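Reader: I would like to go through this model term by term, asking what stands behind each label. Please set each value against its rule before you conclude.

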Amino acid sequence: MSRLTPLLQKIAQTPVVQSAQQRWAQLAVREQNLVKGLGAVIIVAIIYFAIWQPTYSAQQLAERRLEGQQQQLLWLREQVARYQSLSATQAQSEVSGSLSQRVNEAAASNKIQIARMQPQNNGLIVSVDETSYQQAMSWLYALEQTYQLQVTTLDLARLDELGKVRVRQVLVTEKS
């Protein structure tokens, strides 16, 4: 404190501070109380707008991000479990049936309605009018992993409805 005393004395001797002290002394007691109250309100406003409100907003944003990350982790765990169960099913099941039977079976198990099937050389061209992107990917995965087929060509189109796609054409052949 002893180091600050000379500094405070120098500051108190500056013309600006002396002028402010003179004006303060000229104010009536009632006016001094109003200025003190205004000062307190300004200090509270500064604390609220400069410290508390930004901190609270950052905390809320962090909580929303955490919740989103937790939901994503839960979804990912569900997908891993699903993948593992599909892999176990694939190892146990024997692949049988014609190319079109296996494509139809994979579509039915993924709740996909096939719009058109057309033979092409040693493969099959399949079209689906509308399905969710997730269902389409699950179907394609099942074709390759569970039904031992190869997706050679894929043409998807995004529809106006969020998450919906049209499978314009997918060429499915036997795995070599």
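Reader: Why is Glu174 called partly exposed?
Author: The relative accessibility of Glu174 is 37%, and since buried means under 20% relative accessible area and exposed over 50%, with partly exposed in between (1.4 Å probe, protein chains only), Glu174 counts as partly exposed. This is a predicted model, in which local features need pLDDT of at least 70 and side-chain atom pairs count only at pLDDT 80 or more, while totals for chains, interfaces and linings use all residues. Residues are numbered from 1 along each chain as its sequence is written, and side-chain values use heavy atoms, with hydrogens and water left out.

Reader: What makes the contact of Glu174 with Arg102 a salt bridge?
Author: A salt bridge is a side-chain nitrogen of Lys or Arg within 4 Å of a carboxyl oxygen of Asp or Glu, and here the closest N and O atoms are 2.3 Å apart, so the pair of Glu174 and Arg102 meets the rule. Glu174 belongs to strand S4 and Arg102 to helix H4, so the pair ties together parts that are 72 residues apart in sequence. Helices (H or I, at least four residues) and strands (E, at least two) are DSSP runs, numbered from the N terminus. Arg102, at 5% relative accessibility, counts as buried.

Reader: How many salt bridges does this rule give?
Author: The count comes to two salt bridges. Asp155 also forms a salt bridge, with Arg168, the closest N and O atoms being 3.7 Å apart. Asp155 lies in strand S3 and Arg168 in strand S4, so this pair ties together parts that are 13 residues apart in sequence. Asp155 is partly exposed at a relative accessible area of 30%, and Arg168 is partly exposed at 47%.

Reader: Which residues of helix H4 are buried, and how do you know that they lie on the same side?
Author: In H4, which covers residues 99–109, the buried residues are Leu99, Arg102, Val103, Ala106 and Ala107. They cover an arc of only 135° around the axis, taken from the directions from the helix axis to the C-beta atoms, which puts them on the same side of H4. These buried residues pack, with contact meaning heavy atoms within 4.5 Å, against strand S1 (116–120), strand S2 (123–132), helix H5 (133–145), strand S3 (149–158) and strand S4 (164–174).

Reader: What makes the phi of Asn121 worth a remark?
Author: Most residues other than glycine have a negative phi. Phi of Asn121 is near 45°, a positive value in a residue other than glycine. Asn121 lies in the loop between S1 and S2, and its relative accessibility of 79% makes it count as exposed. Gln148, in the loop between H5 and S3, likewise has a positive phi, near 55°, but is partly exposed, with a relative accessible area of 28%. Just after H4, Lys111 takes a positive phi of about 55°.

Reader: How do you know that residues 33–52 are helical, and what does UniProt call them?
Author: The chain is 100% helix and 0% strand over residues 33–52, and the end C-alpha atoms are 27 Å apart. The name "transmembrane region" comes from an unreviewed UniProt entry, which places that feature at residues 33–52; UniProt positions are given in the numbering used here, feature names are shortened, and annotations may be inferred rather than shown by experiment.
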